[in-house]
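Here's a quick briefing to read with the model open. Take a look at the fold, then go through the points below.

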Amino acid sequence: MKLSQFKFKLPEEQIALYPPHRAFENEDGTVERVYSRDQCRLMVVHRKSGTIEMHKKDAEGHDTDKLLTFRDLCNYFDEGDTFIFNDTRVFPARLYGTKEKTDAKIEVFLLRELNEELRLWDVLVEPARKIRIGNKLFFDGEGPMVAEVIDNTTSRGRTLRFLYDCPHDEFKRELFALGEAPLPRYIVDRRKAEPDDMENFQTIFARNEGAVTAPSTGLHFSKQLMKMMEIRGFHFAYITVHCGLGAFDPIEVEDLTKHKMNSEQMSVTKEACEVVNAAKRAGRRVCAVGISTTRAAETAVGTDGMLKEYEGWTNKFIFPPYDFGLSNALLTNFYHPESTMMMCTAAFGGYDLVYEAYKLALKHGFLFGCYGDAMLLLDD
């Protein structure tokens, strides 16, 4: 397929800047928000029948004027159906420092630690033109955190050595204390990160640290919803995909077969395989929660359609046409035009049907992005 087939105009007001919430204005003019992560809107797409649902049903099965919410997803699954979650944990990857001598403000985005002993980190810097090998950056905090640029890796990429002499655990605590939630650019270009974001931009089942962006669809799950799903007899499997920034990289080729995704580290355990494969053998639904989970599951699925243990990396780029080997249901968000996430969704649901769903979402004011509304795609 072609990149231009995924273009559409996304109105500014339909980019979600916060999770679902109620806002209250205090007497001093400040705004307080009460968040309800499982109260976003839900659209249900049935790929075989080609039908799209947005409204709750009455007792006779007719549409009402009430829109579906994320909690309604329970009504589309039965006992024994299984959900695959990404349990990666986001760390506060965005921090700000000043360049020595000039005091220029520099954004440093931590990508991954390269060497624990030497305190080496792979980072992105902005503005990159001001940062060269040998420059030092100073970070405000309780301790004297200083970093030296020791290598240029890409146009914006640098290798930093942090000059901080203490045990590694203490260093990580001090470093992360300087950071903020690594919200996508389409949010931080419109508002600053806030203290609540570090909790809101983390799934409730996050466990294995290593992501620099959240597995967005997983953000909709609350403790109450998970308990409700457990009571209904749904099963949960957890895999780990350390989400990087590759999904947000602009695609610069019209022919999608020529686009290369950046790799993300992933792990599929024996326990996850047992849960998923038991559901597959029993003919139950297996629902991948989010695009990162979908890509990882398709990386680790065998030719027999069963999930295999896996420890390594994936750079799988999924776009139409694509035959999925594992999941027969997908939960995802509504994403920006020309995004790899939209392309994967279209591969699962069919290009024409998903494009129609996106048009309906735009028409009815659905919200897009990591804090936006959700889509459930079913194989019926």
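Which side chain does the side chain of Asn86 join through a polar contact of 3.1 Å? The partner is Ser292, where a polar contact is a pair of N or O atoms within 3.5 Å, and within protein one must be able to donate a hydrogen and the other to accept it, with residues adjacent in sequence counting only if both atoms are side-chain atoms.

Keep in mind that this is a predicted model, where local features need pLDDT of at least 70, side-chain atom pairs count only at pLDDT 80 or more, and totals for chains, interfaces and linings use all residues. Residues are numbered from 1 along each chain as its sequence is written, and side-chain values use heavy atoms, with hydrogens and water left out.

**Around Asn86**
- You'll find Asn86 in strand E7 (residues 82–86); strands (E, at least two residues) and helices (H or I, at least four) are DSSP runs, numbered from the N terminus.
- Asn86 is buried at 2% relative accessible area (buried is under 20%, exposed over 50%, partly exposed in between, with a 1.4 Å probe and protein chains only).
- A polar atom of the Asn86 side chain also sits 3.1 Å from the backbone nitrogen of Thr88.
- Beyond its neighbours within four places in sequence, Asn86 is in contact with several residues, among them Thr203, Phe205, Ile239 and Cys243 (contact means heavy atoms within 4.5 Å).

**The barrel**
- Six strands form a closed barrel in the order E9-E10-E11-E14-E13-E12, with antiparallel pairing (two strands pair if DSSP finds at least two bridges between them).
- From one strand to the next, the twist averages 45 degrees (axes are lines fitted to C-alpha atoms, for helices over the stretch in contact, and angles run from 0 to 180 degrees between N-to-C directions).
- Strand E12 (residues 136–139) and E13 run antiparallel and are joined by four bridges; Leu137 has Ala147 in E13 as its bridge partner.

**Helix H1**
- In H1 (residues 168–177), the buried residues are His168, Phe171, Lys172, Leu175 and Phe176.
- They cover an arc of only 120 degrees around the axis, so they are on the same side of H1 (the arc is that of the directions from the helix axis to the C-beta atoms).
- Asp169, Arg173 and Ala177 are exposed on the face turned away from the buried side of H1.

**Asp151 in E13**
- Asp151 lies in strand E13 and is partly exposed, at 35% relative accessibility.
- Leaving out residues up to four places away in sequence, Asp151 touches Ile133, Gly157, Arg158 and Thr159.
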